[in-house]
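Here are my notes on the model you sent.

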Amino acid sequence: MDGVPNVTRADAVAAVRNPLAFIAARWTPTPRTVQRAALTALVMSVVIVVTGGAVRLTGSGLGCPTWPKCTDDSLTATGEMGFHGAIEFGNRMLTYVLCAAVGWAIIAARSQKPYRQSLTRLGWAQFWVVMSNAVLGGIVVLVGLNPYTVAAHFVATSALIAIAVVMWQRTREGDTQARPLVGKSVQQLVWVMVAATVLLILIGTVVTGAGPHAGDSSEVERMPLDWETVSKVHAVLAWIVVTLTFALWFVLRAVDSPRLPLDRTRDLFVVLLAQGVIGYVQYFTDLPELLVGLHMLGSALVWIAVLRVLLALRERPEPAVGLPGPATEATVGSRA
């Protein structure tokens, strides 16, 4: 049985001064480990959307009435705070799980050989978005669930998801110059679709801010807009994104596009249809909490699917170290 290697004083000093470099010098993760780390960070970004929605939909937004403590006298929820306190505090604790997932992604990217600075930067970008959004979440509580801060909180999480998607994609590519797979006109169409999706998400936060689910059982300020009108604008934007997706699929077929952009466009179309069904059912059934929660999950999945279409429009040659290239991307993704 091998003995435990001695750790010298110099090793301890090096670990304190630069722990990431210390780990990277002693551990080389496999490409698949790096991919899994990036995917874990992405999954946790979606999970935090769902649990944040659960906080609001159960009326637990002020279950912990202050921040960073749960109460003025306690860091954690107490038994007297009941169900709402447990839900809100549990969501706060999941932020630490998200931080751990992002931290693992950073460590794995930093330790990969050869070192890829682009991946590490994407990991750190996620970390700083998580930290800033945690502070914003505290502000949401301190201002009594002001709908504008709640909307900003959700938008910041969408930005986190975007960075996580890009990092996950980049773990399966090289660092060479990206090579387009489609013409400029197709790329422009996709960028229009991305812009429409961003607007769809933003209007969705307005629907939430003007709607009946305020996040707490007490009187909470709502956006001074007619909910019915905003919901109809949201639905129109959703149909615009669906139409653009169908148009993109048709154009890709017409220009004999590579298989990957077509597959990603098909996946987006399926996700959009499922999200549309949930949206209309919740609208005509007076917004039951479960369906609203599923719609929030669907919003994150639509955003991911749109970004994956965008990222499928180019490829990077397979790197010399043996990372899977774009030609095997779908297979790698399914195994991860």
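1. In this predicted model, helix H7, residues 184-210, packs with helix H8, residues 227-254. The angle between them is about 160°, and their axes lie 9 Å apart. Angles over 145 degrees count as roughly antiparallel, so H7 is roughly antiparallel to H8. The crossing of H7 and H8 is left-handed.

2. Which residue classes make up the contact of H7 with H8? There are 24 nonpolar and 5 polar residues in that contact, and no charged ones.

3. Thr 149 belongs to helix H6, which covers residues 147-170. Is Thr 149 buried or exposed? The relative accessible area of Thr 149 is 17%. Buried means under 20%, so Thr 149 counts as buried.

4. Once neighbours within four places in sequence are set aside, Thr 149 is in contact with Leu 136, Val 140 and Val 143.

5. Ile 87 sits in helix H4, residues 82-111. Its relative accessible area is 26%. The partly exposed class lies between the buried limit of 20% and the exposed limit of 50%, so Ile 87 is partly exposed.

6. What does Ile 87 touch, not counting residues up to four places away in sequence? The list is Ala 54, Val 55, Thr 58 and Ser 60. A related distance concerns Gly 63, which is 24 residues from Ile 87 along the chain. The C-alpha atoms of Ile 87 and Gly 63 are separated by 7.3 Å.

7. On the whole fold, the secondary structure of the protein comprises 11 helices and 2 strands.

8. The protein has 336 residues, and 46% of them count as buried.

9. Finally, on contact range: taking contacts in the protein between residues at least 6 apart in sequence, 78% join residues at least 24 apart.

Technical notes: Residues numbered from 1 in each chain as written. Predicted model: local features only at pLDDT ≥ 70, side-chain atom pairs only at ≥ 80, totals over all residues. Heavy atoms only, no water. Helix = DSSP H or I, 4+ residues; strand = E, 2+ residues; numbered from the N terminus. Buried < 20%, exposed > 50% of the residue type's maximum accessible area, 1.4 Å probe, protein only. Contact = heavy atoms within 4.5 Å. Axes fitted to C-alpha atoms, helices over the stretch in contact; angles between N-to-C directions. Parallel < 35°, antiparallel > 145°, perpendicular 65-115°, else oblique. Left-handed = near helix turned anticlockwise from the far one by under 90°. Nonpolar A, V, L, I, M, F, W, Y, C, P; charged D, E, K, R; others polar.
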